[in-house]
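Give the cut-offs behind each term as it comes up.

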Amino acid sequence: MPFNSKNKNCEKIVEEDNKVIASFSRMPYYPLVIKKAYKSTVEDMDGNKFIDFLSSAGTLNTGHCHPKVVQSIIEQTKQFILYTPAYMYHKPLVDLAQKLIEITPGNFPKKVSFGLSGSDANDGAIKLARAYTGRSKIISFIRSYHGSTYGAITLSGISLDMSRKIGPLLPEIYHMPFPDIYRNPLGGAPKDAGKNCLDYLKYAFANFLPPDEVAAVIIEPIQGDAGIVVPPKDYMQQLFALCKENGILFVSEEVQQGMGRTGKWFGIEHFNIKPDMIIMAKALASGMPLSALIGRKEIMESLDAPAHLFTTAGNPVCCAAALATIKVIEEEKLMKNAEKLNEIAFKRFTSMKKRFPFIGEIRGLGLSIGVDLVKDELTKERNKEAAAKICYCAWKKGLLLSFFSNSVLRIQPPLVITEEEFNKGIDIIEECMSDFKKGLISDDILKVTKGW
Ligand SMILES: Cc1ncc(COP(=O)(O)O)c(C=O)c1O
């Protein structure tokens, strides 16, 4: 995929964009202006083609413009685009709710509420947990990302720039350390991270956070933006047990890891846990704005209308796209593909580690993989320069690659990606790692690639 070095059309639009678009909603990587996209390929305004390892931030699990998703949107659009479910009824809404109840873990009566973004679904979970339990305190986790509404920002614990200048945030949200077994946040041995974090929670329960006043724990089954941090299974199971002992609801926040991304419908299934509520968005409708909050029936019946509704939420076009998305994931066995490609990625990056000592750790499930780059294998200090330069170099060579948490390459391609394309993408990363090692990538790119 040769890169058109002129890049003129893209640059012009980026220049215009900078004049009119507020900067607080973009963390720039490189000046890519998209003209069209299909499957795992993106084309820019200058005719360059890229393999997509980002899937629009984990949203295009079925790939770009899957014909069945596109067809479902066209057909529904011809019927009607919106009549708000706040007042009237429509069939795609009911069909989708039934399907989501079927594919989510837990064989108990459930109900569904729809929204437009992962953020609003997080807010809904806070409201429902408080209403159902009559308790006000909520536990979330340091280094989690939940979105940009006030509730979701308050739950998040990953960036000072999210909460600076806008306070006060929601009261009674408490952040606990998340068991990162690569960089134990409590300073103990990495392998003890799970135990240390549970002990910390119990210490909080004993000293300042009465468990009988806690409504819910809201947790990502894999911390996504923290850099694909997979918690130990026994930590998750003990956390769940602790919740059950204390009447605390367990909410799995699947906005990034759900819809087949990890090789199962929902990330929490890897831990054999049946959560009281599940939050999903992003890939649910293959890029159409739709979120869903699914929970035990009795929890979902604890608020009165209009406590949580949005005029355009659950609109029939997005519901149709979501129904097609689920069908495609099932029919094309995309979760199996995610598992198969995970093995390839682990093999290839593990073998690269010998040549590139700045590869600290490779982690993740299915096609949610992080490659953590460090300055030193022992100190594990994050290597932002390497991450930024490798991503920029990858873009130049035809791969859309991003990083988060200042050091972690984000490998989240569409689940429809073929083995050949996936390997091609990894070849490009390998070339860029080699260029980085040789000092061939200019420092100038650090002015462009800010990342996150
Ligand atoms: C885990 C997680 N939760 C919530 C969100 C917020 O979703 P949205 O941007 O759709 O509001 C994101 C988005 O990146 C996410 O990764």
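**From the whole chain to single residues**

Among contacts in the protein between residues at least 6 apart in sequence, 73% join residues at least 24 apart, where contact means heavy atoms within 4.5 Å. This is a predicted model, in which local features need pLDDT of at least 70 and side-chain atom pairs count only at pLDDT 80 or more, while totals for chains, interfaces and linings use all residues. Residues are numbered from 1 along each chain as its sequence is written, and side-chain values use heavy atoms, with hydrogens and water left out.

The protein has 14 helices and 15 strands; these are DSSP runs numbered from the N terminus, with helices (H or I) of at least four residues and strands (E) of at least two. A compact globule of 452 residues would have a radius of gyration near 22 Å, and the protein, with 22 Å, agrees with this; the radius is taken over C-alpha atoms, and the globule rule is 2.2 Å times the number of residues to the power 0.38. The C-alpha trace spans about 60 × 60 × 45 Å along its principal axes. Of the 452 residues, 55% count as buried, that is, under 20% relative accessible area, as against over 50% for exposed and in between for partly exposed (1.4 Å probe, protein chains only).

Two packed helices are described by the angle between their axes and the distance between the axes. Here the axes are lines fitted to C-alpha atoms, for helices over the stretch in contact, and angles run from 0 to 180 degrees between N-to-C directions. Helix H4 (residues 91-103) packs with helix H11 (residues 316-331) at an angle of about 35 degrees, their axes being 9 Å apart. The contact involves Pro92, Leu93, Asp95, Leu96, Lys99, Leu100 and Ile103 of H4, together with Pro316, Cys319, Ala320, Ala322, Leu323, Ile326 and Glu330 of H11. By class, this contact has eleven nonpolar, no polar and three charged residues, where Ala, Val, Leu, Ile, Met, Phe, Trp, Tyr, Cys and Pro count as nonpolar, Asp, Glu, Lys and Arg as charged, and the others, Gly among them, as polar.

Helix H8 (residues 193-207) and helix H9 (residues 233-245) also pack with their axes 9 Å apart, at an angle of about 20 degrees. H8 and H9 are therefore roughly parallel to each other, a term for angles under 35 degrees, with over 145 counted as roughly antiparallel, 65 to 115 as roughly perpendicular and the rest as oblique.

Met352, in helix H12 (residues 334-353), is buried at 1% relative accessibility. Not counting residues up to four places away in sequence, Met352 touches Ile359, Ile426, Glu430 and Met433.

Most residues other than glycine have a negative phi, and most peptide bonds are trans. The loop between H7 and E6 holds Pro168, and the peptide bond from Gly167 to Pro168 is cis, with omega near 5 degrees. Glu172 lies in the loop between H7 and E6 as well; its phi is near 70 degrees, a positive value in a residue other than glycine, and Glu172 is partly exposed, with a relative accessible area of 29%. A cis peptide bond also runs from Ala305 to Pro306, with omega near 5 degrees, and Pro306 is found in the loop between helix H10 (297-300) and H11.
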